[in-house]
Amino acid sequence: MKIDDIILQVKPQLTVERFEHTLRVRDTAAELAERYGEDKEKIELAAVCHDYAKYRPLDEMKRWIIQSTLPKDLLHYHHELWHGPVGAILTERELGIKDPGIQSAIHYHTTGRANMSKMEMIIFLADYIEPGRQFPGVQEVRDAAEEDLLKACWLTSRNTVRYLMKKNTLVYPDSFHAYNDLTRKINGGH
Ligand code: DGI
Ligand code: FE
Ligand code: FE
């Protein structure tokens, strides 16, 4: 299916604000794809679909987690973490997105994970730095994204883990795995 058709199907799933965020993530991800040599069409598809499941009712998302092969430990963490993994399933079923690289970029966009592919990193990063975001420290990440994909992903992951720990919230293991893996890769950290 063409990306314009996909966009038409994604739009009614989201609020106006979330849809605009989605288009900014697409544009940011497309720039990163160009800069770092990734397939732009696939990146744009992943970006357009990344928050597809964001507004599904919680009981529906819970059902998908229970019925699918998704990790059950998701149920013991904040429901905000469900829309990525469930989105990967629903975009395959409802939009016919079968590319495993795109699916995993959708799946892991919130937490990251160890050994992220370039596509996963670009979606993870673009979601964090799109021009509508105003997190503290985001400008430093935008600057890093101009020349160093790993460093920018590391900053994203570190900032997110820091932010969650400051709030005393649970941190999903993949968020820690992303942070540890990226720390090792950028400075051989111990
Ligand atoms: O869907 P978006 O709002 O565009 O962005 P997102 O999918 O990156 O993240 C949604 C929220 O999830 C964001 O407030 C940060 C939070 N988050 C990221 N990693 C974790 C997390 N929340 C918890 N509880 N644990 C995590 O590991
Ligand atoms: Fe999201
Ligand atoms: Fe998002």
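1. A word on conventions. This is a predicted model, in which local features need pLDDT of at least 70, side-chain atom pairs count only at pLDDT 80 or more, and totals for chains, interfaces and linings use all residues. Residues are numbered from 1 along each chain as its sequence is written, chains are lettered from A and ligands numbered from 1 in the order in which they are written, and side-chain values use heavy atoms, leaving out hydrogens and water.

2. Let me start with the iron ion (ligand 2). Its donors are Asp51 (OD), His83 (NE2) and His109 (NE2), at 2.1 Å, and their spacing in sequence is D-x31-H-x25-H. Asp51 sits in the loop between α3 (40-49) and α4 (58-67), and His109 in the loop between α6 (100-107) and α7 (118-129), so this pair links distant parts of the chain, 58 residues apart. Donors here are N, O and S atoms within 2.8 Å of the metal (3.2 Å for Na, K and Ca); water is not among the atoms, so sites may look incomplete. Helices (H or I, at least four residues) and strands (E, at least two) are DSSP runs, numbered from the N terminus.

3. The iron ion (ligand 3) is held by His21 (NE2), His50 (NE2), Asp51 (OD) and Asp127 (OD), at 2.2 to 2.3 Å. Along the chain these donors follow H-x28-H-D-x75-D. His21 belongs to helix α2 (residues 16-36) and Asp127 to helix α7, so the two tie together parts that are 106 residues apart in sequence.

4. Which residue bridges the iron ion (ligand 3) and the iron ion (ligand 2)? Asp51 does, and the two ions lie 3.5 Å apart.

5. His21 counts as buried at 4%, and Asp127 is buried at 9%. The cut-offs are under 20% relative accessible area for buried, over 50% for exposed and partly exposed in between (1.4 Å probe, protein chains only).

6. Now to ligand 1, which sits in the largest pocket. Here a pocket is an open set of points on a 1 Å grid over the protein atoms alone, where a 1.4 Å probe fits, with protein on both sides within 12 Å along at least five of seven lines; sitting in it takes more than half of the molecule's atoms within 2 Å of its grid points. Of the 18 residues around ligand 1 (a heavy atom within 4 Å), Arg18, Lys54, Thr110, Arg133 and Ser175 come nearest. Helices α2 and α9 (149-166) each supply at least two residues of the shell.

7. A backbone N or O atom of Leu170 lies 3.3 Å from a nitrogen atom of ligand 1. Taken alone, ligand 1 exposes 580 Å², and the protein buries 83% of that (Shrake-Rupley method, 1.4 Å probe).

8. Finally, two side chains to look at. Thr91, in helix α5 (residues 83-95), is buried at 0%, and its side chain has a polar atom 2.8 Å from the backbone oxygen of Gly87.

Notes: Polar contact = N/O pair within 3.5 Å; in protein donor to acceptor, adjacent residues only side chain to side chain. 1 Å grid on protein atoms, 1.4 Å probe; cavity = no way out; pocket = protein on both sides within 12 Å on 5 of 7 lines; lining within 4 Å.
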